[in-house]
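This report describes a structural model through its domains, its chain interface and selected local features. The sequence and structure are shown first.

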Amino acid sequence: MSFPWAKHYQPKQPVMRWLDEKLPLPRLVYNAVGAGYPVPRNLNYFWNFGVLAGAALAIQIITGVVLAMHYAANAGVAFDSVESIMRDVNSGWFLRYAHANGASMFFIVVYTHIFRGLYYGSYKAPREMVWLLGVVIFLLMMATAFMGYVLPWGQMSFWGAQVITGFFSAIPVVGDTIRIWLLGGFAPDNAALNRFFSLHYLLPFVIAGVIILHIWALHIPGSNNPTGVDVKGEQDTVPFHPYYTAKDAVGLGVFLLVFAGLLFFFPNYLGHPDNYIPANPLSTPAHIVPEWYFWPFYAILRAFTADFILPAKLWGVLAMFGSILLLFFLPWLDSSPVRSNNFRPKARVAFWVLVVDVLLLGWCGGSPATPFFIILSQITAAYYFLHFLVILPWIARTERPAPLPHSITEAVLSKHGGTAPTKSALA
Amino acid sequence: MAMTENTVPPGEAPEPFHEEVHDPRRRDFINVAAVSFAGVGALAIVLPLINQMNPSADVLAQSTTEIDLSKIAPGQAIKASFRKQPLFVRNLTPKEIAEANAVPLSELRDPQTLAERTKPGKTNWLITLGVCTHLGCVPLGAGEGENKGPYGGYFCPCHGSAYDTAARIRKGPAPLNLLVPEYKFDTDTTVTVGVAA
């Protein structure tokens, strides 16, 4: 598909030959994730996370479809139906815990995948479209996860829905009308629960569709690699199968071990106890927090406390959405032609500062809004925007990158240029 | 038709028909007309698909709430439910009214007098939604023994917004006063919330 030396599909069995003539589906698979897709030979384990994200989505769809057989999307019985899944349905506890913790695993994997792309410059030309589609997938994931969290109809479900749909009421003039339209009422109730369930079932399949586009767009230039240097010839690549199917299988095994540890030993660690209280529109929990994967964005939302031309609430909402929409412009904000941060001494430092910044934002978003956390979230939110809008474009213009290897093969054979970020960061 | 054919001399091709000289072309017109007609039809289908998201009749049927005020003594408040949202009904004491009137409007984030937030001659009846204007939490202060906050009105435990005795925002992140819904007094002791006075 991507390189002239890619192997061609040659079915040996008559049945496969017959199928390939009528419907070249085996050929498609062969060229996408088989021996027909040449991949740089120097990928490290951070390149596992795309496949792991696909596996996480598959786990969510399978457990989700099964859970939907037992769940009732009605505000009167939704909470009880979830409890019945936990207590009465055979293996129901396993399926629900797998689905709830599977969402967390999905986000852990996707965040690693995103930061991998940030470190190795995978968003740069010629892979901008891969990155843009990835941001779309991320947005769809956030919408799906939010609506899924509402379905158990506990206190955090209800008040999460109240707060998040409240974002829309910050829009001037038409905000309240839009919010009432989205909810189908004046507060989250049966109408909202039903439409959230419908969309929560639909969106994962939309995500699967965009993932196909994401992989399609990736396979035109081919995968990036830890050196960020383009593939120069056949000696720089190995076939995806068996080399990376095997490497991904190792990663998948580790992923499943961590997942099983979470699922069987700490199934409620990442959840919130208030969600085991049925939704009560007349009583607010003392401390409303979203799921951990939204904490950095929740911190940005809450960082705005003073009106400045626009109301503080609208600023918070704009900044929160802006923090994600900003990523759509990243391929053009970072104009450095060098992809991998292994060869960019300043950008590498800025990258790790950003990682710490996002972790601090997450800490703020998960904590009560005390003055300390408000000030910390204001500093870290400001830095987040500063990184993408000022620091990264400035570094791209002024930085002198380290010498690049002439080819992937040269980097591999000389063992210089690094195969893992930590190695070269120490060197 | 027969005449035109006859005008072509034998052995010569007829004059080619230049469609672009007829502006707009007949097929352009048909094209635009057909697409417009289909577009109007598509819009007509989209409209119910959008409109189905609006509150249904049974939700709207519960959009008014009647409240009996006769049991609420001065200084007391009740929590009712209006459009599935909490509603605070408070019988202000003369002291609370005096406190609210003593605040200069220039000190307020969302300047409103107590008189503007109540009905004429009924300034002791403060009826507001119990929904914090920050992110929609239910403030404390309507129930017996709840924390009324530093200004003696309502206090939101989520992010620390404090409201005064006229339920106006005084401190914290909320941008606006607690919302006063539309309501009217049916008698001296009953109100209907959700209809214009």
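The sections below treat the predicted model, beginning with the domains of chain A and ending with backbone geometry.

## Domains of chain A

The domain assignment divides chain A into domain 1, residues 1-36, and domain 2, residues 37-415. Taken over C-alpha atoms, the centres of domain 1 of chain A and domain 2 of chain A are 34 Å apart. Contact between them involves 13 residues of domain 1 of chain A and 15 residues of domain 2 of chain A.

Together, domain 1 of chain A and domain 2 of chain A bury about 1,100 Å², with 66% of this area on carbon and sulfur atoms. The side of domain 1 of chain A that touches domain 2 of chain A is made up of eight nonpolar, four polar and one charged residue. Between domain 1 of chain A and domain 2 of chain A there are zero salt bridges, whereas four residue pairs are in polar contact across this interface, both residues of each pair being at pLDDT 80 or more.

## Interface of chain B and chain A

The size of an interface is often expressed as the accessible area lost when the parts come together. For chain B and chain A this buried area is about 2,200 Å², of which 65% lies on carbon and sulfur atoms. Three residues, B:Met53, B:Lys84 and B:Leu135, provide 29% of the area that chain B buries against chain A, more than any other three residues. In terms of contact, 25 residues of chain B meet 24 residues of chain A.

Which side chains form the salt bridge between B:Lys84 and chain A? B:Lys84 pairs with A:Asp189, at an N to O distance of 3.3 Å. One salt bridge is found across the interface of chain B and chain A, and three residue pairs, both residues at pLDDT 80 or more, are in polar contact there. On the side of chain B that touches chain A, the elements giving two or more residues are helix H3 (57-61), strand E2 (77-82) and strand E3 (85-91) of chain B. By class, this side of chain B comprises 13 nonpolar, nine polar and three charged residues.

## Annotated regions of chain B

An unreviewed UniProt entry annotates residues 29-50 of chain B as "transmembrane region". This span is 100% helix and 0% strand, and its end C-alpha atoms lie 31 Å apart.

For residues 94-192 of chain B, the unreviewed UniProt entry lists "domain: Rieske". The span is 9% helix and 21% strand, with 24 Å between its end C-alpha atoms. B:Arg170 belongs to strand E7 (residues 169-171) of chain B. The side chain of B:Arg170 makes a polar contact of 3.5 Å with the side chain of B:Glu107. Beyond its neighbours within four places in sequence, B:Arg170 is in contact with B:Val103, B:Glu107, B:Leu108, B:Tyr151, B:Ala162 and B:Asp164.

## Annotated histidines of chain A

UniProt, in an unreviewed entry, lists A:His113 and A:His214 under "binding site". Although they are spread over 102 residues of sequence, they cluster in space, the largest C-alpha distance being 13.2 Å. A:His113 is in helix H5 of chain A, and A:His214 is in helix H9 (residues 190-219) of chain A.

Leaving aside neighbours within four places in sequence, A:His113 is in contact with A:Phe49, A:Gly50 and A:His214. A polar atom of the A:His113 side chain lies 3.4 Å from the backbone nitrogen of A:Gly50.

## Salt bridges over all chains

Over all chains, the whole structure holds 17 salt bridges. One salt bridge joins the side chains of A:Glu83 and A:Arg87, with an N to O distance of 3.0 Å. A:Glu83 and A:Arg87 are separated by about one helical turn because they are four residues apart in helix H4 (residues 78-87) of chain A.

## Backbone geometry in chain A

Most peptide bonds are trans, and most residues other than glycine have a negative phi. The peptide bond from A:Ala125 to A:Pro126 is cis, with omega near 5°; A:Pro126 is in the loop between helix H5 (92-119) and helix H6 (128-150) of chain A. The peptide bond from A:His241 to A:Pro242 is also cis, with omega near 10°, and A:Pro242 is in helix H10 (residues 240-265) of chain A.

A:Ser91, a residue other than glycine, has a positive phi near 60°. A:Ser91 is in the loop between H4 and H5 of chain A.

Key: Residues are numbered from 1 along each chain as its sequence is written. Chains are lettered from A and ligands numbered from 1 in the order in which they are written. This is a predicted model: local features need pLDDT of at least 70, side-chain atom pairs count only at pLDDT 80 or more; totals for chains, interfaces and linings use all residues. Side-chain values use heavy atoms; hydrogens and water are left out. Domain bounds come from an automatic or database domain assignment. Contact means heavy atoms within 4.5 Å. Buried area is the accessible area (1.4 Å probe) that two parts lose on being put together, summed over both. A salt bridge is a side-chain nitrogen of Lys or Arg within 4 Å of a carboxyl oxygen of Asp or Glu. A polar contact is a pair of N or O atoms within 3.5 Å; within protein, one must be able to donate a hydrogen and the other to accept it, and residues adjacent in sequence count only if both atoms are side-chain atoms. Ala, Val, Leu, Ile, Met, Phe, Trp, Tyr, Cys and Pro count as nonpolar, Asp, Glu, Lys and Arg as charged, and the others, Gly among them, as polar. UniProt positions are given in the numbering used here, feature names are shortened, and annotations may be inferred rather than shown by experiment.
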